Amino acid sequence: MTTSPGAPATMRAAVLHGVDDVRIEDVPVPPIGEHQVLVQVAAVGVCGSDVHYHRQGRIADFVVEEPMILGHEASGVIVTVGPAVAQERVGQRVSIEPQHPCRRCEYCRTGRYNLCPHMEFYATPPIHGAFAEYAVIDADFAHPIPESMSWEAAALCEPLSVGVWACGKAGIGVGSSVLIAGAGPIGLIIAQTARALGASRVILSDPAPLRREAAQAAGFSEVLDPGAPAADGSAPGGTSPAQVDAFIDASGAEPAVKAGMRTVRPGGRVVLVGMGADEMTLPVSTILTREIVLTGVFRYASTWPTAIALVASGAVDLDSLVTARFGLAEVERALEMATRPEHRKVLVLPSDLLTV
């Protein structure tokens, strides 16, 4: 590792020291490796995982045991490159894929590097994230973006990659029908992705009126209240069993997962994206008798080119999802705002780069 010429020795960062304890501190600018780049961070989206670490200090087996910088949905400009990286990349606007796989294990060699057991992922203990003025990433995971793309949309290519990966797992294509539980930020992004990939029917379900309104404002006409009685009495929210090709859960709520699985046609697919309880009961007889394919989503692999193309073409609109912006000193407020139903995506802007 080397120092980062062209960058200051220290930077401001929002450091999580424990539950509900974020402090703005001066910390060393991270050194860069031979094949890495240093990025001045322009925008960072607040993710539900950031909120979990802030409020609970852990997600499943990932536990915050020492001070850590949160934030993994990031964009910025390359200011320094490692010795093996072309100098021409300095000044390049990029969207950060916040992963550092080992590149040697079976999963990395077969293209499923998201499952790398040695993965270093931004803001997953003990790896530092991007609520800071600078961040280091492997050069090939700093994806160039067109000048037409905002810093904010470039940061949100990370959750869009979750949507791309989830829709791929669900087999979404031209003419597909899909039910998505949860019309929060990830649910809306998945819905936009499914529509862009050719799905002819995209149904969203959410108990929160504000989120249902946001889904309708995004152009989705089939938006359901899962607690409302169906017109035909078949199921809550107006859905009837075995009518969609795929169900994607972006809620993590057990009742939503169980109800959604029962709407999937024989041979269809169920994809779990939302992080809820560690364990839940599922309708096993439905899975068996309909031969439903059930899978989960853990991050993504090789999704950034598709995500950037979807945004650049206008097929997916990420800028419209941004409802609040905060400076680095306001990270705790940003984390709190991200939990409110009136907000879709909350962003942190760590530097003085233009954000629109």
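Is Asp 138 buried or exposed? At 5% relative accessibility, Asp 138 counts as buried. The legends below describe close-up views of a predicted model.

**View 1. Arg 103 and Asp 138 form a salt bridge.** The two side chains meet with 3.1 Å between N and O. Arg 103 belongs to the loop between strand 9 (99–100) and helix 2 (106–109), while Asp 138 is part of strand 11 (residues 134–138), so the pair ties together parts that are 35 residues apart in sequence. Arg 103 is partly exposed at 41% relative accessibility, whereas Asp 138 is buried at 5%.

**View 2. Asp 245 and Arg 265 pair between two strands.** Their side chains meet in a salt bridge of 2.6 Å, N to O. Because Asp 245 lies in strand 16 (residues 244–249) and Arg 265 in strand 17 (residues 264–272), this pair ties together parts that are 20 residues apart in sequence. Asp 245 is partly exposed, its relative accessible area being 24%. Arg 265 also counts as partly exposed, at 32% relative accessibility.

**View 3. Lys 258 and Glu 254 form a salt bridge within helix 7.** The closest N and O atoms of this pair are 3.7 Å apart. Both residues belong to helix 7 (residues 254–261), and because they are four residues apart there, about one helical turn separates them. Lys 258 is partly exposed, with a relative accessible area of 25%. Glu 254 is partly exposed as well, with a value of 25%.

**View 4. Arg 103, Asp 138 and Asp 140 belong to one network.** Salt bridges that share partners join these three residues. The structure as a whole holds 13 salt bridges. Side chains of opposite charge can pair when their charged atoms come close.

**View 5. Ser 161 is a buried residue of helix 4.** The helix covers residues 157–170. The relative accessible area of Ser 161 is 0%. Leaving aside neighbours within four places in sequence, Ser 161 is in contact with Tyr 300, Thr 303, Trp 304 and Ala 307.

**View 6. Ala 208 sits in a loop between a strand and a helix.** The loop lies between strand 14 (201–205) and helix 6 (209–217). Ala 208 has a relative accessible area of 19%, and because buried means under 20%, this residue counts as buried. Ala 208 and Glu 342 are 134 residues apart in sequence, and their C-alpha atoms are 9.6 Å apart in space.

How values were computed:
Residues are numbered from 1 along each chain as its sequence is written. This is a predicted model: local features need pLDDT of at least 70, side-chain atom pairs count only at pLDDT 80 or more; totals for chains, interfaces and linings use all residues. Side-chain values use heavy atoms; hydrogens and water are left out. Buried means under 20% relative accessible area, exposed over 50%, partly exposed in between (1.4 Å probe, protein chains only). Contact means heavy atoms within 4.5 Å. A salt bridge is a side-chain nitrogen of Lys or Arg within 4 Å of a carboxyl oxygen of Asp or Glu.
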